[in-house]
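Hi there,

Here is the structure I promised to pass along. Have a look at it first, and then read on for what turned up in it.

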Amino acid sequence: MKPNSGTLVINIMNGGKAEAYEGVYQCTARNERGAAISNNIVIRPSRSPLWTKERLEPNQVREGDSLVLHCRPPVGLPPPIIFWMDNAFQRLPQSERVSQGLNGDLYFSNVQPEDTREDYICYARFNHTQTIQQKQPISVKVFSTKPVTERQPVLLTPTGSTSTKVELRGSVLLLECIAAGLPTPAIHWIKEGGELPDNRTFFENFKKTLKIIDVSEADSGNYKCIARNILGSAHHVISVTVKAAPYWITAPRNLVLSPGEDGTLICRANGNPKPNISWLANGVPIAIAPEDPSRKVDGDTIIFSHVQERSSAVYQCNASNEYGYLLANAFVNVLAEPPRILTPANKLYQVIADSPALLDCAYFGSPKPEIEWFKGVKGSILRGNEYIFHDNGTLEIPVAQKDSAGTYTCVARNELGKIQNEVQLEVKDPTMIIKQPEYKVIQRYGQVSFECIIKYDSTLLPTVIWLKDNDELPDDERFLVGKDNLTIMNVTDKDDGTYTCIVNTTLDSVSASAVLTVVAAPPTPAIIYARPNPPFDLELTGQLERSVELSWVPGDDNNSPITTFVIEYEDGLHEPGVWHYQTEVPGTQTTVQLKLSPYVNYSFRVIAVNEIGRSQPSEPSEQYLTKSAKPDENPSNVQGIGSEPDNLVITWESLTGFQSNGPGLQYKVSWRQKDVDDEWTSVIVANVSKYIVSGTPTFAPYEVKVQALNDLGYAPEPSEVIGHSGEDLPMVAPGNVQVHVVNSTLAKVHWDPVPLKTVRGHLQGYKVYYWKVQSLSRRSRRHVEKKILTFRGNKTFGMLPGLEPYSSYKLNVRVVNGKGEGPASPDKVFKTPEGVPSSPSFLKITNPTLDSLTLEWGSPTHPNGVLTSYILKFQPINNTHELGPLVEIRIPANESTLILKNLNYSTRYKFYFNAQTSVGSGSQITEEAVTIMDEAMASRQVDIATQGWFIGLMCAVALLILILLIVCFIRRNKGGKYPVKEKEDAHADPEIQPMKEDDGTFGEYSDAEDHKPLKKGSRTPSDRTVKKEDSDDSLVDYGEGVNGQFNEDGSFIGQYSGKKEKEPAEGNESSEAPSPVNAMNSFV
């Protein structure tokens, strides 16, 4: 036992067995005045025994037959909670056909083929010891017979046609009927000769269980359950008898008596059967207790007559029947005590005039003393309506005046004596601001002063504080605080605001405010427009519980008409000193009907508004306290969101004191599992906005509601919201994952959605993890870099872009909820088809000779498939940068070098090289090289160039060209014009070659790109690129064939196609007749 305490501590943490302390305990407290005893306290150790081992034979059942799987859990203390699950720890689904009985057995009204399984497991959860025991799995195999025979209902439990049930008053009555039959029977309940109670009746377990809460004797009777299907019906009658453990009608209460007084102890209880009343005195049966002539026992009453001090004792009343007992202690204290006053002598009370004064006189004595109050040394007893006398001896002066000050004497007397005590009351003058700060409009950079002259009681020490916009004054030397004023020097725009003077004493506080408006200096004198003066003479009339009429007198509008009156209110009960917006009315209206809320101590004030601004608030109206009422509204923003897999966090926004409508604001928090629980579980809480429900199933939908209540009752029935208990990680992976390869870089993946019940949370989507395993062309593995694509919502497919051709990939799919990702599906392997390769990694040309070149190349960095061959195209380039015929060679894919022979000496060649797969050709690379020149041939070329006949020929050609130019010039001066010449003049191009008059052909200009075989025309050898010229009208590019063709008159036959050639031109592009100039250039 703890020292100086009646607490008995039993500690088995350091050894010992709980069974050793099992038994019934009772505490007795005793002193010289008597002995009190406690109720019996029963200690029993909790037990969670193991299941007895048994051999369970497989159940083979014909389709449509009924089946009962027995649980028979071990007997524990307290009894265990029974539930059925499978090997995956998932609760077995229950329905009208399959359900668990009150005894824990699993009943099948009829079995179906889908009931076949080997893991029907009964679990027993012992909450007190935090243990779960598991029965051996039960196997059920359903074999089908065609056709399946339908059966009329037969009751599986209870058996027979009638049964009886005894329940105790105030407890929960549970009646159960489970029937077999095919189709599955429906259950219906009635009470013979009466109705089921409306507000206390619930149906559970698919109406197989009738639940009546808080049963009373009136619930006794016959209850019939009827099981019915299309073939017939069966019924069972349960006779219910409600018994009652004893309950109090009047419990005995302590008595304080003076010697010679009379009194009674009453102990009245009821029950079924009627309880037996017995009395004890100081823990001893009264029949054998010491006799007391002043005491007489009369059944449930003890009568005391002319008690003496020795009659003091503790009496126990015991009311018991076969279902329980009640025990109550009542102390009869026979006490003779002269009066005592507990309030300190000459205590000083100070109050402000016109406020209430409470003078204490705490007392004690037996018999109870009478209290009288006197004022002054020889004053008469105080009486009348101007005083209120409280039972605890306190004297209240509702409105203390200056003449109420003085000495007050409290006198307490009984037959054993008399005592008095004096207290002092001082009534102080209220603190007032007799000169309040006034609204000021000041020009920028001017000086302004606010006055705050106060009047106060000379015995009090006031302190004056100035605020700007309800905050401390800026730390600025321009602000000067004097004894009764505030001066601001050199005013700036930021000084604009509201300035408040607050005067505090030890007993009261007053304040006054004024607005400072900073303006620019007016250019010319004008009419002064200002904010209106505040309204005055506020009056409340027509006071009702929910409304009142407010009237006022407007102040001066200061040359700007009042447009609006704003009415504000203060709740002195919940938020004293805080003003709230109530309503506003037009400036022509001076009365308004105001709607009120219950349990609010209202004060009102009015503010006038014109175009300049708002007036100062009026003086507050008189206070009006509305009556309390039930709450009108319930908390808002009610939510139910689990924070852990086994809890539900219910939150709401609390009501304000203004919304409470009365004292004792509390909240009734109710919840039930949606579609599972018929009954709400509720708790009542106060001063919180959150409640956590523990032990919930994972991510189960709950109906939640929160109802406000106060001392006067409940708010209207709240609306229900749907919440969910906490999420847990998803349990299963998506199945049937299929991959459809769209092309070499794109694939489409499909999957079956997971069952929503396995998501165990809000489904957020699916994640596809995919990664490249290896390239099929190289058979080399590399570091696996997994990529993730997320598909929101309940999508069952997605596209995988950016894949590498001719590669092996793996992927898996996972479901995602708010808690995280579920397990991955089995890895799915898929392969991408071949694509076109990248360009060869390099092309080098080495070992030039007179007529050969050696080519070396590297395979593509990304073959994207199996290489089938390489394509080499090349063409010569002469000294004028014209291109010769294009030659194409196909090279086996396993080659990396090639020697080109039979080339022209001292000739530049351009090469185009690319790789191919079965899909097509990849991008090409280009390179140029020159065969070497023979020295003898070079010398012969020089000799020819110096021959006289060659020089003569060149001079003749030059002379012929000069003559042609002269003839053209003469004909032009004579006015002759050529249509072609006009076009050439209109579209001059410096690259166009001279025209040969005798055959009508034209030289071509270049339109080549870097990776395109060059047409005849100019090129730029310095950077190996061909410039894109201004004109794109090459005749060859427009033709459908290789070359354009002309009629005899020179007109063009081929049609313009507008399509540019992307590949090198096939065949011999030099088949056109060359111009003379080109011929000469080639020869040179």
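In what follows, a residue is called exposed when its relative accessible area is over 50%, buried when that value is under 20%, and partly exposed in between. By that cut-off D354 is exposed, because its relative accessible area is 52%. Please keep in mind that this is a predicted model.

You will find N902 in the loop between β76 (897–900) and β77 (908–917), where it counts as exposed because its relative accessible area is 69%.

There are cis peptide bonds to look at as well. One runs from L77 to P78, with omega near -10 degrees; P78 belongs to the loop between β6 (67–69) and β7 (81–85). Another runs from T157 to P158, with omega near -5 degrees, and P158 is in the loop between β13 (151–157) and β14 (162–168). As background for both kinds of feature, most residues other than glycine have a negative phi, and most peptide bonds are trans.

**Salt bridges**

The count of salt bridges comes to 33.

- R413 and E372 form a salt bridge in which the closest N and O atoms are 2.5 Å apart. R413 is in strand β38 (residues 406–414) and E372 in strand β35 (residues 370–375), so this pair ties together parts that lie 41 residues apart in sequence. R413 is partly exposed at 30% relative accessible area, and E372 is partly exposed at 22%.
- R444 and D493 form another, with the closest N and O atoms 3.0 Å apart. R444 comes from the loop between β41 (440–443) and β42 (448–451), and D493 from the loop between β47 (485–488) and β48 (497–504), so parts 49 residues apart in sequence are tied together. R444 is partly exposed, with a relative accessible area of 33%, and D493 is partly exposed at 43%.
- D495 and R478 meet in a salt bridge at 2.8 Å, N to O. D495 lies in the loop between β47 and β48, and R478 in the loop between β45 (471–472) and β46 (479–481), so the pair ties together parts 17 residues apart in sequence. Both D495 and R478 are buried.

Salt bridges that share partners also join R62, D65 and R151 into one network.

**A buried lysine**

Is K772 buried or exposed? K772 is buried, because its relative accessible area is 12%. This lysine lies in strand β67 (residues 765–775), and its side chain makes a polar contact of 2.4 Å with the side chain of E804.

**Aromatic rings**

Across the whole structure, the search finds 22 aromatic pairs. In one of them, Y602 and F658, the ring centres are 6.5 Å apart and the planes stand at 90 degrees, so the pair is edge-to-face. This pair links distant parts of the chain, 56 residues apart: Y602 is in strand β55 (residues 601–609) and F658 in helix α1 (residues 657–660). Y602 is buried, because its relative accessibility is 1%, whereas F658 is partly exposed at 21%. Ring pairs link Y602 and F658 with Y569 and F604 into a cluster.

R814 lies over the face of Y769, at 4.0 Å from the ring centre, and K207 lies over the face of F203, at 5.7 Å from the ring centre.

**A nonpolar patch**

Last, the surface. L959, L962, I963, I966, V967, F969 and I970 form a nonpolar patch there, with about 650 Å² of accessible area together. Of these, F969 lies in helix α4 (residues 948–973) and counts as exposed because its relative accessibility is 52%.

Definitions and conventions
Residues numbered from 1 in each chain as written. Predicted model: local features only at pLDDT ≥ 70, side-chain atom pairs only at ≥ 80, totals over all residues. Heavy atoms only, no water. Patch = residues over 30% accessible without salt bridge, like charges linked within 9 Å, V, L, I, M, F, W, Y side chains within 5 Å. Areas by Shrake-Rupley, 256 points an atom, 1.4 Å probe, with all protein chains shown as cover. Salt bridge = Lys/Arg side-chain N within 4 Å of Asp/Glu carboxyl O. Helix = DSSP H or I, 4+ residues; strand = E, 2+ residues; numbered from the N terminus. Buried < 20%, exposed > 50% of the residue type's maximum accessible area, 1.4 Å probe, protein only. Polar contact = N/O pair within 3.5 Å; in protein donor to acceptor, adjacent residues only side chain to side chain. Phe/Tyr/Trp six-rings, centres within 6.5 Å; stacked < 30°, edge-to-face > 60°. Lys NZ or Arg CZ within 6 Å of the ring centre and 35° of its normal.
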